Amino acid sequence: MRSVFLLLAGLAAGAFLAPQARADSASAVVGKMQPLKDGADVYKHVCQSCHMPDAKGAEGAGARFPALAGNAKLASADYPVYVVLNGFGGMPWFSGMLTDQQVADVVNYIRTHFGNHYTDMVKPSDVAAQHPTISSEED
């Protein structure tokens, strides 16, 4: 009995003395993102882990991440802005994490790279116009 008590006490002490793991800002679930200077930076730190460095997407282990390379759905700039802000399917939303400038930068980046040649550029004001609205209900 004494050995069981000592084992449990040792485990409890180890849990309090062990160093705490911390998430970096690029993988945080809540809060503002680290400063990212352009759309390529945003893509590299936020998007490419799922959509892959070549933007060809990925599939496996029950998950499917669509390709952004050569994606006809990017023809309308409103579509990728909506998806980044609101999420879609298994993709999380990034409104509140990315600034309007960062969203515009990454949307412009994916629409002009990876075999995409859409030249109408998204402005931060275009992103602001698509933010999800939260209505307050009066009792």
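Which helices and which strand each supply at least two residues of the lining of the largest pocket? In this predicted model, they are helix H2 (39–51), strand S2 (63–65), helix H3 (78–86) and helix H4 (100–112). Helices (H or I, at least four residues) and strands (E, at least two) are DSSP runs. H2 provides the largest share of the lining, six residues. The volume of the pocket is about 660 Å³; a pocket is an open set of points on a 1 Å grid where a 1.4 Å probe fits, with protein on both sides within 12 Å along at least five of seven lines, and lining residues have an atom within 4 Å of a point. Of the 27 lining residues, His51, Pro66, Leu68, Val83 and Met91 are the closest to the centre.

Three aromatic pairs (ring centres within 6.5 Å) were found in the whole structure. Tyrosine 43 lies in H2 and tyrosine 109 in H4, 66 residues apart. Tyrosine 109 also pairs edge-to-face with phenylalanine 114, with centres 5.5 Å apart and planes at 90 degrees. Tyr43, Tyr109 and Phe114 form one aromatic cluster.

The mean pLDDT (predictor's confidence, from 0 to 100) is 81 for the protein.

Residues are numbered from 1 along each chain as its sequence is written, and side-chain values use heavy atoms, without hydrogens and water. Local features need pLDDT of at least 70 and side-chain atom pairs 80 or more, whereas totals for chains, interfaces and linings use all residues.

Notes. Grid points are joined across faces, edges and corners, and a volume is the space filled by probe spheres set on the points. Rings of Phe, Tyr and Trp (its six-membered ring) pair if their centres lie within 6.5 Å; planes under 30 degrees apart count as stacked, over 60 as edge-to-face and the rest as tilted.
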